Amino acid sequence: GTVSLVLYQPGFDWCGPTTLPMELISFTAKVVEQEVRLEWITATERDNDHFNIERSATGADDDFVAIARVEGAGNSTSNRSYTAMDEHPLNGTNYYRLRQTDFNGTTTIHPDVITVEFQAALAVFPNPVANGQVLNLPPEATGYEIRDGVGRVVGVVYGATEINGLSSGYYIVRSIANPKSFVKVLVTL
């Protein structure tokens, strides 16, 4: 018997050449204010209906959900730039991937997953606040310390709390769980 060896050639299979629906040049993400800006550039597109940006808190394949949809160029042989915003990123690590969908509904997930570290600003409302008003903070199991001007803890609050007994002045509200990340000046009337 005779054995024939065939060298592998990328883009070639026994049924003919394989053409991908898009050629991706770059896929990046960065924090802008309190959002994440995602940008990507394609070199070519074939029958490209749209893209979905998918986000995950864990990076596991079954944990990704679509957060934005951007229309594709259809067919293109020149560089195309795209942008999408994640207006509500998760605190901590955000994993992003790009899913491309053809006009016939066939989808391709780009293998590169990118990550962004995000820390939301601490929202304190109303600010300034008067005694007897309700101070609204994001719910947090460990709570928030309220410290006076010399650093003494004058109270611990959890989420929405009626303010009573604080003198007029400036206080620091600090997350007990994330004391370096979540700090805000509070003014009392």
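**Figure 1. Polar contacts of Arg 97.** The side chain of Arg 97 makes a polar contact with the side chain of Asp 61 at 3.4 Å; a polar contact is a pair of N or O atoms within 3.5 Å, where within protein one must be able to donate a hydrogen and the other to accept it, and residues adjacent in sequence count only if both atoms are side-chain atoms. The model is predicted, so that local features need pLDDT of at least 70 and side-chain atom pairs count only at pLDDT 80 or more, while totals for chains, interfaces and linings use all residues. Residues are numbered from 1 along each chain as its sequence is written, and side-chain values use heavy atoms, with hydrogens and water left out. A polar contact at 2.6 Å joins the side chains of Arg 97 and Glu 54. Arg 97 lies in strand β7, residues 92-102; strands (E, at least two residues) and helices (H or I, at least four) are DSSP runs, numbered from the N terminus. Arg 97 counts as buried because its relative accessibility is 6%, where buried means under 20% relative accessible area, exposed over 50% and partly exposed in between (1.4 Å probe, protein chains only). Leaving aside neighbours within four places in sequence, the residues in contact with Arg 97 include Phe 27, Asn 52, Ile 53, Phe 64, Ile 109, Asp 112 and Val 113; contact means heavy atoms within 4.5 Å.

**Figure 2. Salt bridges.** A salt bridge is a side-chain nitrogen of Lys or Arg within 4 Å of a carboxyl oxygen of Asp or Glu. By this rule the count comes to 11 salt bridges. One of them joins Asp 49 and Arg 69, with the closest N and O atoms 3.6 Å apart. This pair links distant parts of the chain, with Asp 49 in strand β4 and Arg 69 in strand β5, 20 residues apart. The side chain of Arg 69 also meets that of Glu 71 in a salt bridge (3.1 Å, N to O). Glu 71 counts as partly exposed because its relative accessibility is 47%. Salt bridges that share partners join Glu 54, Asp 61, Arg 97 and Arg 99 into one network.

**Figure 3. The pair Asp 86 and Arg 55.** The side chains of Asp 86 and Arg 55 form a salt bridge, 2.9 Å from N to O. Asp 86 belongs to strand β6 and Arg 55 to strand β4, so distant parts of the chain, 31 residues apart, are linked by this pair. Both Asp 86 and Arg 55 are buried.

**Figure 4. Nonpolar cores.** A nonpolar core is a set of buried Ala, Val, Leu, Ile, Met, Phe, Trp, Tyr and Cys residues joined through side-chain atoms within 4.5 Å. The largest nonpolar core has 17 residues, and Phe 27, Leu 38, Trp 40, Ile 53, Tyr 96 and Leu 98 have the most contacts inside it. At least two residues of this core come from each of β3 (22-32), β4 (35-56), β5 (65-76), β6 (80-86), β7 and β9 (114-118). Strand β4 gives the most to this core, with 5 residues. Apart from this core lies another, of 12 residues, among them Val 129, Leu 137, Tyr 144 and Ile 146. In soluble globular proteins, nonpolar side chains tend to be buried together.

**Figure 5. Surroundings of Leu 98 and Met 22.** Met 22 is found in strand β3 and counts as buried because its relative accessibility is 10%. With residues up to four places away in sequence left out, Met 22 touches Thr 42, Thr 44, Glu 45, Phe 51, Leu 98, Gln 100 and His 110.

**Figure 6. A nonpolar surface patch.** Val 153, Val 156, Tyr 158 and Ile 176 form a nonpolar patch on the surface, with about 340 Å² of accessible area together. Patches are made of residues with over 30% relative accessible area and no salt bridge, like charges being joined within 9 Å and nonpolar side chains (Val, Leu, Ile, Met, Phe, Trp, Tyr) within 5 Å. Accessible areas come from the Shrake-Rupley method with a 1.4 Å probe, and for residues only the protein chains shown count as cover. Ile 176 is found in the loop between β14 (169-175) and β15 (183-188), and is partly exposed, with a relative accessible area of 35%. Ile 176 and Val 156 are 20 residues apart along the chain, and their C-alpha atoms are separated by 9.0 Å.
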